[in-house]
Amino acid sequence: MPSWSAIVTMVVMDHDHLQRAAKDHLWLHFSRHGHYDDHDVPVIVRGEGAYLEDSTGHRVLDGLAGLFVSQLGHGRRDLAAAAAKQAETLAFMPLWSYAHEPAIELAEKVASYAPGDLDRVFFTNSGSEAVETAWKLAKNYYKTVGKPMKHKVISRSIAYHGTTQGALSITGLPGLKQQFEPLVPSTFRVPNTNLYRAPAGTAGPDGADAKAFGRWAADQIEVAILNEGPDTVAAVFLEPVQNAGGCFPPPPGYFDRVREICDEYDVLLVSDEVICAFGRLGTMFGADRFGYQPDIITCAKGITSGYAPLGAMIASERLFEPFGREGAMFAHGYTFGGHPVSTAVGLRNLQVFEEEGVLENVRANEAGFRATLERLLDLPIVGDVRGEGYFYGIELVKDKATKETFDHEESERILYGFVSKRLYDEGLYCRADDRGDPVIQLSPPLICGQEHFDEIEQILRSVLDKASSLI
Ligand SMILES: Cc1ncc(COP(=O)(O)O)c(C=O)c1O
């Protein structure tokens, strides 16, 4: 039996070794590595329900579901068991001319939930790959039906659609794109639905007419299609609720008008639901929440609650039809797309949604989540609280009356230098982001209830109150 001092030495050595190896060998995604020259890399070692624990034993509430992923929360034995069972039975087989049971069963289940005739499921490994796949399908489809010029894509300003070159080209964040230019040509941006910062005159005389703003924002898609020439535009990529910029829900009537425009000019409506599908908004798909019919849905993340990586593009029968004919093929695929273990986990995940009433839990509690977060509006630094379901953005402002936002130095000092770290230290993992205006993003696991919302609010209140004094 080792002595206590020996155990302490071992733990410290483990900690030091882990830190050294993380700093020397691991390349983190979207991370400023220089920060870790004189700080520890946070190392998360386990999760249970809505909570995460790091290598120092610090426990935090997972206010972001990992990265909009962990719908059912952490530490579920049933999902782990589904993965193990599938790996033992058939660990790998590609979906190239052959099928396997978990992919077939998950495709059937996903199609049964998807709106309208979205009955064809093409599996990928990630959201970016789902977006790539959707754009390639749109281009290829129009070539097969005698409209070969239709290839361009319209998307919204500040929207994030992924990092592969096509998905990044569709992304509306210049700061993420410029260092990789030239990207895939032929993508064009229209305004997003940020009502809080609606351009003067677009939301009625008092700036609060959401319906008028929605009509204006949707009409900008028509303007873009006409500017480019309808014969050249293949698709519009829109999230049900746009994440980047801090949760922009669609104003009333927005998607009805977008659908009308897409029908008029024969442009495909792609609903990018990499975040919004699988319960995030209290419905299986975001399109259901707002009552519109897309031609394609792209999804990933919550399809497995993160117990294995998986994405999918779900297309209408109309789009599949030319590729289902004798001798035809959609010449596209990924070795690991629809991996047996991932699809088995996805299937078990969606069964749990049904057995445990996960969507019902979100719908029963979403009003409480909103009301709890809205309490924060009494803080001078909180300008806007917006979102739907279990998906919210809190916009921070320098001056509430004028909606003045932080400058670069203030964003660095307050958002990254203080708020991000302090939230974690006080027990909340979430994301402070300034890809648009500075926001805190919240997206807790769908198993959460009022006690978690109260905890989130208390930690945010404590940290944002202190942040106010730094302005
Ligand atoms: C709307 C949207 N599309 C695409 C992606 C890219 O997904 P992934 O990171 O799985 O490639 C994301 C990622 O957050 C997303 O939010």
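Two strands pair if DSSP finds at least two bridges between them. Helices (H or I, at least four residues) and strands (E, at least two) are DSSP runs, numbered from the N terminus. This is a predicted model: local features need pLDDT of at least 70, side-chain atom pairs count only at pLDDT 80 or more, and totals for chains, interfaces and linings use all residues. Residues are numbered from 1 along each chain as its sequence is written, and side-chain values use heavy atoms, with hydrogens and water left out.

## An open sheet

Strand E3 (residues 59-62) is joined to E13 by 2 bridges, and the two run parallel. Asp62 has Tyr429 as its bridge partner in E13. Both strands belong to an open sheet of 4 strands in the order E1-E2-E3-E13, with mixed pairing. Strand E1 (44-48) and strand E13 (428-429) form the edges, each pairing on one side only. Strands of a sheet pair through backbone hydrogen bonds, either parallel or antiparallel.

## The ligand site

The ligand is surrounded by Ser126, Gly127, Ser128, Tyr160, His161, Gly162, Glu239, Asp272, Val274, Ile275 and Lys301. A residue is near a molecule if one of its heavy atoms lies within 4 Å of it. By class, this shell has 3 nonpolar, 5 polar and 3 charged residues. Here Ala, Val, Leu, Ile, Met, Phe, Trp, Tyr, Cys and Pro count as nonpolar, Asp, Glu, Lys and Arg as charged, and the others, Gly among them, as polar.

A polar contact is a pair of N or O atoms within 3.5 Å.

| Residue | Ligand atom | Distance |
|---|---|---|
| Ser128 | oxygen | 2.6 Å |
| Asp272 | nitrogen | 2.8 Å |
| Lys301 | oxygen | 3.1 Å |

The protein covers 84% of the 390 Å² of accessible area that the ligand has on its own (Shrake-Rupley method, 1.4 Å probe).

## The second largest pocket

The second largest pocket has a volume of about 940 Å³. A pocket is an open set of points on a 1 Å grid over the protein atoms alone, where a 1.4 Å probe fits, with protein on both sides within 12 Å along at least five of seven lines. Lining residues have an atom within 4 Å of a point. The volume is the space filled by probe spheres set on the points, which are joined across faces, edges and corners.

Of the 27 lining residues, Leu95, Val121, Phe122, Phe320 and His332 are the closest to the pocket's centre. Helix H4 (101-113), strand E4 (118-124), strand E10 (311-316) and helix H11 (317-324) each supply at least two lining residues. E4 gives the largest share, 5 residues. The lining has 21 nonpolar, 4 polar and 2 charged residues.

## Backbone details

Most residues other than glycine have a negative phi, and most peptide bonds are trans. The bond from Glu181 to Pro182 is cis, with omega near 0 degrees. Pro182 lies in the loop between helix H7 (174-177) and strand E6 (187-190). Ser186 lies in the loop between H7 and E6, and has a positive phi of about 85 degrees. Phe278 has a positive phi of about 55 degrees. Its place is in the loop between strand E8 (268-272) and helix H10 (286-290).

How values were computed:
A polar contact is a pair of N or O atoms within 3.5 Å; within protein, one must be able to donate a hydrogen and the other to accept it, and residues adjacent in sequence count only if both atoms are side-chain atoms.
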